[in-house]
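Open the model in your viewer and keep the selection panel at hand.

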Amino acid sequence: MNFLVQKPVSENVLLARARSLSGLTLGHLAINARLSIPHTLKYNKGWVGMLIEQYLGADSKNKSEQDFSHLGIELKTIPVDLNGKPIQKTFICALSSNINNRDIFWETSQVRKKLSKVLWIPIDGKKTIPLCMRRIHAPIIWIPNSTEDIMLGKDWEELADMILMGQINQITAYHGSWLQILSKSVKKQCSIQSLDEDGHRITTHQLGFYLRKSFTQLILKHHFLSV
């Protein structure tokens, strides 16, 4: 399969491409795409996603949009253990620097847009498996049901309220049942501006919205197929 593919014209075409990768290894894909395989993902966290994007024809130039914006679908690769359980939390999107905009609502938020329809691609993530030998598993198209949307919305509103009240530096990993805000980078150049409780402008590390493993496990548990 040639990785230089055009963007898929329909959801069915996208899903067929994703299914065609099932059972293949990352090494196989990288060799075919003539890409070097990093020794570790510690400093190459986006490498797996980038590789899969190339094979599926994703348009990821605009990170604020879905990976397949013309189809309304976001792509998420997710590392799993031998039992198909997520190994780590899932990054959704970065927290905008315009985080004090009181006109933002869950219904129109970037987080909800990103999660409105997701193509999940589980990939072996156990560190004892060499990166080149990690296999891709059967893809899943997921749309949040009404209960999931309500629960995610409650988490988002709790976090958004804390930000608007100037409590951004008080947000911890314990806030949010399914949706979290966590530091995305410790690099000084990766920062955002916000306001504290007294209205003073402060600078904090780049933050991002993440899904807890407990939630993504619910998504995968009825769908994961060993290949």
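Start by selecting Leu14, Arg17, Ala18 and Leu21 in H1, which meet Ile52, Tyr55 and Leu56 in H3. Contact here means heavy atoms within 4.5 Å. By class, this contact of H1 with H3 has 6 nonpolar, no polar and 1 charged residues. Ala, Val, Leu, Ile, Met, Phe, Trp, Tyr, Cys and Pro count as nonpolar; Asp, Glu, Lys and Arg as charged; the others, Gly among them, as polar.

A note on the source: this is a predicted model, in which local features need pLDDT of at least 70, side-chain atom pairs count only at pLDDT 80 or more, and totals for chains, interfaces and linings use all residues. Residues are numbered from 1 along each chain as its sequence is written, and side-chain values use heavy atoms, with hydrogens and water left out.

H1 (residues 11-21) and H3 (residues 47-56) pack at an angle of about 125°, their axes 9 Å apart. That makes H1 oblique to H3. Angles under 35 degrees count as roughly parallel, over 145 as roughly antiparallel, 65 to 115 as roughly perpendicular and the rest as oblique. Axes are lines fitted to C-alpha atoms, for helices over the stretch in contact, and angles run from 0 to 180 degrees between N-to-C directions.

Next, pick Arg34, in the loop between helix H2 (26-32) and H3. Its phi is near 60°, a positive value in a residue other than glycine. Most residues other than glycine have a negative phi. Arg34 counts as exposed because its relative accessibility is 79%. (Buried means under 20% relative accessible area, exposed over 50%, partly exposed in between, with a 1.4 Å probe and protein chains only.)

Move to helix H5 (residues 146-164) and select its buried residues, among them Trp156, Leu159 and Ile163. The buried residues of H5 pack against helix H4 (110-115), strands S4 (140-142), S5 (179-183) and S8 (207-211), and helix H6 (213-220).

Step into strand S8 and pick Leu207. Buried or exposed? Leu207 counts as buried, at 9% relative accessibility.

Finally, zoom out. The protein has 6 helices and 8 strands. Helices (H or I, at least four residues) and strands (E, at least two) are DSSP runs, numbered from the N terminus. Buried residues make up 44% of the 227 residues.
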